Amino acid sequence: MENTLLSQIQALGVVVDIDSMDPKAAESLSVSTTFHSMTSNQAIVNGQLQVQWDSNLEPLVSQYVQDAAIDISTEDGILKVLNLVTVLLASKVIPYLDKTGRVLAQTSPRTAYDKDATVAHAKALISVFGKHGISRDRVCIKIPVTPESILACKELEESGIRTLGTCLFSVPQAMAASQAGCLSISPYFNELRVHFPEGASSYIEYSDPVRQHPMSPIIYSIIQAFKERQTSTTVVPASIITLDEAVALARLRPHHLTISDRVLALLAVAPRRSDDELVAVTLKVTGEKSVFDVDYLSDNAAALQFALSKDAETSRKIREALEIFGRQEEESIQFLRKALSANEA
C-alpha cells in the first residue's frame with residue numbers, strides 16, 4: 001500500500017470513502033486500504049439489487065413482504081421494500097469500513113421538492129437501519145440540495161439525523177447545506193449523466209483537470225469558504241472517472257473523496273507520482289464575495305430558490321440528476337415487483 005497512488009492521496013490527509021455497495025469489491029480493496037464511509041444512490045442500489053438478488057437478498061426480502069403483509073402493488077408498499085433492500089446492501093459493506101465510518105443512503109428523487117416527504121423518507125430509512133443493527137451514528141442520509149430538501153436537512157439535523165447534501169453543483173447550494181448543518185456535501189465533479197450510456201458521449205477528459213475542469217474552481221471555492229468560516233460541514237467530492245481526476249481533486253485538499261470501486265482498484269495498483277504532481281493548488285475563487293454570506297435558508301430558502309433560478313446550468317444538472325435517479329429507482333421497483341410476484345406464483 002505504501003507505494004501506491006491511493007496511499008499517496010491518503011497521506012495528504014484526504015480521507016477515502018467507497019462509492020459502492022459491492023461487498024466483494026469492498027472486501028478485496030480492504031486489503032489495500034481502510035475506507036471511512038460508504039456512499040450510495042439509486043443507481044448503485046439498482047445495480048447491486050440485480051447482482052445480489054438471488055444470493056443475498058431474495059430470502060430476506062420475500063420473508064419481510066410476507067410477514068409484514070406488504071402490498072407491493074402500491075407505491076408505499078414497494079418503497080418500503082426498496083428501503084429494506086438499501087439497508088441490506090449497506091449492511092454487507094459496513095464490516096469493511098472504519099469503526100467510526102457511516103453508510104450513506106439517498107432519499108427518493110420523487111421527494112426532492114417536498115420537505116415533509118423527504119423528512120419522512122429519511123426517518124423511515126433510519127428506522128430500518130436501526131432494526132438491522134445499524135445505529136444512527138453509523139448512518140448518514142444523502143439528500144438532493146433543492147430549496148425544499150435543504151429545509152428537510154435542517155429539520156433532520158436538529159432531530160439528530162445526519163445528512164449529506166448531494167446533487168450539488170454550485171456555491172449557493174454548498175453554503176445552504178452548511179447553514180442547514182449538514183454533516184457533509186458531495187459536489188459532483190462530473191455530471192451524473194456521463195456514467196450512463198445515453199450521456200457518456202458528453203464526457204470530456206481534460207489533460208489538466210485541476211485547472212481545466214469547470215468544477216475545479218467551484219469545489220476549490222467551496223473548500224476555501226468552509227475553511228474561512230470554520231464550518232463543520234465536510235466536503236466530499238464525488239463522480240470521479242479517472243486517476244487524473246482523483247489526483248486533481250486531491251490537490252484541492254477536500255476533507256474526503258468518495259470513489260467508485262473501479263477507480264479505487266486502479267488507484268490501489270497505480271504507482272506513486274512525484275510529490276509535485278500532488279502539491280496543493282491555488283485557484284481563483286468563483287463568484288462575488290457576497291454569494292458566500294447570503295442567508296440561504298430564511299423565508300423557506302428563498303435565496304437558494306433565487307440563486308438557482310438565475311443559474312440555468314446548475315438547475316439543468318440538478319434536474320437531469322434527479323431524472324436519472326428516478327429512472328434507476330423505477331427500474332428497481334419494477335425488478336422487485338416482477339421478482340416477488342414470481343415467488344408468489
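Buried means a relative accessible area under 20%, exposed means over 50%, and partly exposed lies in between, with a 1.4 Å probe and protein chains only. By that criterion, six of the six residues of strand β3 are buried, and the strand is mostly covered. This is a predicted model, in which local features need pLDDT of at least 70, side-chain atom pairs count only at pLDDT 80 or more, and totals for chains, interfaces and linings use all residues. Residues are numbered from 1 along each chain as its sequence is written, and side-chain values use heavy atoms, with hydrogens and water left out. Helices (H or I, at least four residues) and strands (E, at least two) are DSSP runs, numbered from the N terminus.

**Sheet and strand β3**

- Five strands form an open sheet in the order β2-β3-β4-β5-β6, with parallel pairing; two strands pair if DSSP finds at least two bridges between them.
- The edge strands, each pairing on one side only, are β2 (103-106) and β6 (234-235).
- Strands of a sheet pair through backbone hydrogen bonds, either parallel or antiparallel.
- Four bridges join β2 to β3 (residues 139-144) in the parallel sense.
- Within β3, Cys140 is the bridge partner of Leu104, and Ile141 stands opposite Ala105.
- In a regular strand the side chains alternate between the two faces of the sheet.
- β3 is covered on both faces: Val139, Ile141 and Ile143 are buried on one side, and Cys140, Lys142 and Pro144 are buried on the other.

**Packing of α6 with α12**

- Helix α6 (residues 147-158) packs against helix α12 (residues 298-309) at an angle of about 140°, and their axes are 9 Å apart.
- Axes are lines fitted to C-alpha atoms, for helices over the stretch in contact, and angles run from 0 to 180 degrees between N-to-C directions.
- The pair α6 and α12 is therefore oblique, where under 35 degrees counts as roughly parallel, over 145 as roughly antiparallel, 65 to 115 as roughly perpendicular and the rest as oblique.
- α6 passes α12 in a right-handed crossing; a crossing is right-handed if the near helix is turned clockwise from the far one by less than a right angle, and left-handed if anticlockwise.
- Pro147, Glu148, Ile150 and Leu151 of α6 make the contact with Asn300, Ala301, Leu304, Gln305 and Leu308 of α12, contact meaning heavy atoms within 4.5 Å.
- Those contact residues comprise six nonpolar, two polar and one charged; Ala, Val, Leu, Ile, Met, Phe, Trp, Tyr, Cys and Pro count as nonpolar, Asp, Glu, Lys and Arg as charged, and the others, Gly among them, as polar.

**Packing of α5 with α6**

- Helix α5 (residues 115-131) packs against α6 at an angle of about 45°, with the axes 8 Å apart.
- That angle makes α5 oblique to α6, and the crossing is right-handed.
- On the α5 side the contact is made by Lys115, Thr118, Val119, Ala122 and Lys123, and on the α6 side by Glu148, Ser149, Leu151, Ala152, Glu155 and Leu156.
- The contact residues of α5 and α6 divide into five nonpolar, two polar and four charged.

**Thr4 and Thr34**

- Thr4 lies in the segment before α1 (5-11) and is buried, at 11% relative accessible area.
- Thr34 sits in the loop between α2 (23-29) and α3 (42-67).
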